Amino acid sequence: MAETPHPIILFDAECVLCSYNARFVLKFDRSARFRLASMQSEVGAALFRKFGIDPSDPDTIIVVEGETAKRDSDAVLSIYEGLGWPWKIAGIARIIPRALRDPIYLLVARNRYKIFGKRETCWLPPEHMRDRLL
């Protein structure tokens, strides 16, 4: 299992939306704070299982920091907050209770392939950013 002082974003590299989000993070994470691991990788699958999620049928994105994991809308908000300005402003969505945010997140997550499509192969970052992929 990968041990890193950086938060790890676990995502679905076959999902068009998830891959776009991973590219967005790599582009705007100017301090290189985050690392990425796809659920299709050994590291990603092991971390999904560690936090009780089947990597072959996940319905969430996870952000792992040490021994804890954020999931669903909390994970998404922590990513954008971690990118700094201007993306940090997305954290204002925390005023909406998680009980209202998460059902919307889960509706999109469960239907992500239908809505956004599924890639034939897993997305990989450009060569100069591959060191941020676990």
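Colleague: Quick one to start: which residue follows α3, and is its phi positive or negative?
Modeller: Gly84 follows α3, and its phi is positive, near 80°. Before we go on, this is a predicted model, where local features need pLDDT of at least 70 and side-chain atom pairs count only at pLDDT 80 or more, while totals for chains, interfaces and linings use all residues. Residues are numbered from 1 along each chain as its sequence is written, and side-chain values use heavy atoms, with hydrogens and water left out.

Colleague: Good to know. What is the mean pLDDT of the chain?
Modeller: The mean is 88, and 97% of the residues reach 70 or more. By pLDDT we mean the predictor's confidence in each residue, from 0 to 100.

Colleague: And in which elements is confidence highest and lowest?
Modeller: Confidence is highest in α3, at 94, and lowest in α5, at a mean of 89.

Colleague: How many helices and strands does the chain have?
Modeller: There are five helices and four strands, and from the N terminus they run β-α-β-α-β-β-α-α-α. Both kinds are DSSP runs numbered from the N terminus: helices are H or I with at least four residues, strands are E with at least two.

Colleague: What radius of gyration does the chain have?
Modeller: It is 14 Å, which agrees with the value near 14 Å for a compact globule of 134 residues. That radius is taken over C-alpha atoms, and the globule rule is 2.2 Å times the number of residues to the power 0.38. Along the principal axes, the C-alpha atoms fill a box of roughly 35 × 30 × 30 Å.

Colleague: What share of the residues count as buried?
Modeller: 44% of the 134 residues do. Buried is under 20% relative accessible area, exposed is over 50%, and partly exposed is in between, with a 1.4 Å probe and protein chains only.

Colleague: Back to α3, then. How many of its residues are buried?
Modeller: Nine of eleven, so α3 is mostly covered. Among them are Asp72, Ala75, Leu77, Ile79 and Tyr80. The buried residues of α3 pack against β1, α1, β3 (62–65), β4 (68–71) and α4.

Colleague: Which residues does Asp72 touch?
Modeller: Leaving out residues up to four places away in sequence, Asp72 touches Asp59, Thr60, Ile61, Asp102, Tyr105 and Leu106. Contact here means heavy atoms within 4.5 Å. Asp72 and Leu106 are 34 residues apart in sequence, yet 7.1 Å apart in space, C-alpha to C-alpha.

Colleague: Where does Ala32 lie, and what is its phi?
Modeller: Ala32 is in the loop between α1 and β2, with a positive phi near 55°. Ala32 counts as partly exposed, at 25% relative accessibility.

Colleague: Switching topic: which residues does the cis peptide bond join?
Modeller: The cis bond joins Trp85 and Pro86, with omega about 0°. Pro86 is found in the loop between α3 and α4.

Colleague: What covers the buried residues of α1?
Modeller: The cover includes β1 (8–11), β2 (35–38), α3 (72–82) and α5 (112–116). Phe24, Val25 and Leu26 are among the buried residues of α1.

Colleague: How many residues has the largest nonpolar core?
Modeller: That core has 23 residues, and those with the most contacts inside it are Ile9, Phe11, Val25, Leu36, Ile61, Ile79 and Leu83. The largest share, six residues, comes from α1. A nonpolar core is a set of buried Ala, Val, Leu, Ile, Met, Phe, Trp, Tyr and Cys residues joined through side-chain atoms within 4.5 Å. Apart from this core lies another, of ten residues, including Leu10, Ala37, Val43 and Val64.
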